[in-house]
Every structure is written in structure tokens, then in C-alpha cells.
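Got your viewer open and the selection tool ready? Here is a short walk through the model, one stop at a time.

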Amino acid sequence: MSYFYPKKIKLTDINANDAITFGIPRSGTTLFWNIIKDVLNTYNVNVIKTHTFEEKFKENKCFIIVRDIRDALISQFRVYVNDSSEPKLITLEEFLKYENEFDNHFKHLIPFLQTNQHYVFKYEEFIHNHNKLYNQLEMLYDISIPINVRNSISEKYKENNVKSIIKNISTIDEKENSVFEKMYDKHTEFHAMHIFNSSGKSMYDKYMEPKLVEYINYKYNDYLKQFSYLNHETSHVSIN
């Protein structure tokens, strides 16, 4: 499972006033980052997107987006393993081939949750309504985000508008000749595989064999309980 990102973070360029956005891959981090960026850049606050923890982030405000990791895993396999526009059934045997790489990204969540200024948002709630995020930003930065500004930013990142952003982006970097090398929109960091038209419900029961669901439920039980992902279905939309 190979992950490629359009920008490398230079730690020397980070200062304590920067806002950090974090999520494990395929948990809505890019959408989350874009909305925060569009708000805070107006107030000269730099917003950094990352999938990894660095000690230097302990002094920053850290905005964390979490997602049912079973759905995040399906999306990771769709983009990084199968390079497909549609999810495919994942078996326990197939997952075990990539388990270490998945763990290497998942482990970065824990230190973020231990930082002094961290603010957690659930993907399943955020994707439908951005007002909780806008309200949090108003409180933390002592700013006012008018309704028309909120509506304008949220409208900018609706599914059809994101599709317009990525419609001309190739799924393959021809120079590298690799299905994993994505080309990104340089302003939003969306890539051509960002959107999948889901059914509107949690996907893991359809795209994971039962043995894998049991394995994930056991291994990541603490996480699933902490964020209330066990024994209930969540509603999803298409940016995932």
C-alpha cells in the first residue's frame, strides 16, 4: 500500500501560530484542510495538512478528523492498492499483506490526541454539516465567520464542484509510469481518485469479508469504542 502526497512538510518552516490538520489517509483530511485553510488564511494563519505526527506539532493547534477505520481502509485499498474507481471486496488475507503500512499511519493518531490543543471532528458528522467546525474556529481565533462566508466555502467544496476541480487531472503520472503516482490540483490537493459515489451508508459490511471485520473490530476495539463506531451504522456521502 503506497501513499503519495503532493507536498513535503519542512519542519523548519513551521511556527507555533500555524494550524495543523491531521487524519489517517482517506479520512476526509483534504476536504477538512481546505475548509479550515479558506477560513484562516484570511486571518494570516498558515494551515498545514499532514498524515504524520512530529514533536514540533505539540505547540500548535491541531485539528483532527477521525473516521470509521473500516471505511477508511476500504477507501485506502480502492485508491492505493487497486487503483480503482469502485471499491472491491477485501479479504483478511489481503489486508494482512498491508497491515504494517496501515498501522504505521494509524499510530500517528495517538500522539496527536495527547497534544495540549487538539480538536476532534468525526468525518461522518462533518461531511454533512461544517458549522461545528466554523463555530470552533470562531471561538479559538476570536473571529466571526458570517453566514454568507460559511455558505460560500461549503458550496465551493460540494461534490459537483470538487468534480469540476479534478475532472482534468490524470490518474497516472506519465513520467513515472506508475498507477500510484497521482497528479494533484495544486491549490486544493484533490486528486483524480478523490471522489467515490457511495450508497450513503457505511461501506465496510459490503466490501469486507466477515473475517476481516471481526479482525479489525478486535484489533482496533479501543479506537472504535472511543469514537462510537461499534454497533451502529453511519451515513456517508461521496467525498471520502
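## Stop 1

N44 is exposed, with a relative accessible area of 75%. This is a predicted model, so keep that in mind as you click around.

## Stop 2: helix 1 and helix 6

Next, select residues 29-40, which make up helix 1, and residues 131-141, which make up helix 6. Their axes come within 11 Å and cross at roughly 40°. Helix 1 and helix 6 are therefore oblique to each other, and their crossing is right-handed.

From helix 1 you get F32, I35, I36, V39 and L40, and they meet L133, Y134, L137 and Y141 of helix 6. Which classes of residue make up this contact, nonpolar, polar or charged? The contact of helix 1 with helix 6 has nine nonpolar residues, no polar ones and no charged ones.

Now zoom in on L137, in helix 6. Is L137 buried or exposed? Its relative accessibility is 0%, so L137 counts as buried. Leaving out residues up to four places away in sequence, L137 touches I36, V39, L40, F63, D142, I143 and I145.

## Stop 3: the largest nonpolar core

Here is a general idea to carry along: in soluble globular proteins, nonpolar side chains tend to be buried together.

Select I69, F95, F112 and Y223. Of the 35 residues in the largest nonpolar core, these four touch the most other members. The elements that give two or more residues to this core include strand 1 (19-22), strand 3 (61-66), helix 4 (109-113) and helix 11 (221-226). Which element gives the most? That would be helix 2, with six residues.

Stay with F95 for a moment. Not counting residues up to four places away in sequence, F95 touches L73, F77, I90, F102, L212, Y215, I216 and Y220. Apart from this core lies another one, of 28 residues, and you can find it by selecting L31, I35, L40 and V47, which are among its members.

## Stop 4: helix 3 and helix 10

The crossing of helix 3 and helix 10 is right-handed.

Show the side chains again: L92, F95, L96, E99 and D103 in helix 3 meet K211, L212, Y215, I216 and K219 in helix 10. By class, this contact has six nonpolar residues, no polar ones and four charged ones.

## Last stop: S228

Finally, jump to S228, in the segment after helix 11. Phi of S228 is near 60°, a positive value in a residue other than glycine. How accessible is S228? With 43% relative accessibility, S228 counts as partly exposed.

Key
Residues are numbered from 1 along each chain as its sequence is written. This is a predicted model: local features need pLDDT of at least 70, side-chain atom pairs count only at pLDDT 80 or more; totals for chains, interfaces and linings use all residues. Side-chain values use heavy atoms; hydrogens and water are left out. A nonpolar core is a set of buried Ala, Val, Leu, Ile, Met, Phe, Trp, Tyr and Cys residues joined through side-chain atoms within 4.5 Å. Buried means under 20% relative accessible area, exposed over 50%, partly exposed in between (1.4 Å probe, protein chains only). Helices (H or I, at least four residues) and strands (E, at least two) are DSSP runs, numbered from the N terminus. Contact means heavy atoms within 4.5 Å. A crossing is left-handed if the near helix is turned anticlockwise from the far one by less than a right angle, and right-handed if clockwise. Ala, Val, Leu, Ile, Met, Phe, Trp, Tyr, Cys and Pro count as nonpolar, Asp, Glu, Lys and Arg as charged, and the others, Gly among them, as polar. Axes are lines fitted to C-alpha atoms, for helices over the stretch in contact, and angles run from 0 to 180 degrees between N-to-C directions. Angles under 35 degrees count as roughly parallel, over 145 as roughly antiparallel, 65 to 115 as roughly perpendicular and the rest as oblique.
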